[in-house]
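Please examine the sequence and the coordinates before reading on.

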Amino acid sequence: MRRNSRVGAKIGDTLIEIKLGLDAVRNLQLGLLQLALALDEGNPGERALLVVAAPAMSRTRLQEEWQRTVRTL
């Protein structure tokens, strides 16, 4: 697989994207979309991990957006 520039790092079969100080839903959505696209372009069996560090959004808001994303994808 070629190195995907959409993600921050790859360790083994796991693609990793880190979002620091997340303060807007659109940035969370961008991180999730980047990982989804990278998985689509990658090898079967790869996994993805979005790390959200020090978010300005509430935990409830993050959970709501995650549930919305799961329903959509």
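**Exercise 1. Determine in which element T69 is placed and whether T69 is buried or exposed.**

Solution. T69 has its place in helix α2, where helices (H or I, at least four residues) and strands (E, at least two) are DSSP runs numbered from the N terminus. The relative accessible area of T69 is 13%. Buried means under 20% relative accessible area, exposed over 50%, and partly exposed in between, with a 1.4 Å probe and protein chains only. T69 is therefore buried. As a further step, consider L32: its C-alpha atom is separated by 8.1 Å from that of T69, although the two residues are 37 apart along the chain.

Two remarks on the basis of these values are in order. The model is predicted, so that local features need pLDDT of at least 70 and side-chain atom pairs count only at pLDDT 80 or more, while totals for chains, interfaces and linings use all residues. Residues are numbered from 1 along each chain as its sequence is written, and side-chain values use heavy atoms, with hydrogens and water left out.

**Exercise 2. Describe how α1 and α2 pack, and state which residues meet.**

Solution. Step one concerns the geometry: helix α1 (residues 25-41) and helix α2 (residues 59-72) pack at about 45°, and their axes are 11 Å apart. Axes are lines fitted to C-alpha atoms, for helices over the stretch in contact, and angles run from 0 to 180 degrees between N-to-C directions. Step two is the classification: angles under 35 degrees count as roughly parallel, over 145 as roughly antiparallel, 65 to 115 as roughly perpendicular and the rest as oblique. The two helices α1 and α2 are therefore oblique to each other. Step three lists the partners: V25, L28, Q29 and L32 in α1 meet R61, L62, E65, W66, R68 and T69 in α2, contact being heavy atoms within 4.5 Å. By class, the residues of this contact comprise five nonpolar, two polar and three charged. Here Ala, Val, Leu, Ile, Met, Phe, Trp, Tyr, Cys and Pro count as nonpolar, Asp, Glu, Lys and Arg as charged, and the others, Gly among them, as polar.

**Exercise 3. State where V52 and A54 lie, and assign each an accessibility class.**

Solution. V52 is placed in strand β3. With 29% relative accessibility, V52 counts as partly exposed. Leaving out residues up to four places away in sequence, V52 touches K19, L22, L28 and L62. A54 is found in the loop between β3 (47-53) and α2. Its relative accessibility of 63% makes A54 exposed. The backbone of A54 deserves attention as well: phi is near 50°, a positive value in a residue other than glycine.

**Exercise 4. Which residues are in contact with V7, leaving aside neighbours within four places in sequence?**

Solution. V7 lies in the segment before β1 (9-11). The relative accessible area of V7 is 6%, and V7 is thus buried. Its contacts are L15, I16, E17, Q34, L35 and A38.

**Exercise 5. Summarise the chain as a whole: how many helices and strands are there, and in what order do the elements run?**

Solution. The chain has two helices and three strands. From the N terminus on, the order is β-β-α-β-α. Buried residues account for 29% of the 73 residues. Finally, among contacts between residues at least 6 apart in sequence, 65% join residues at least 24 apart.
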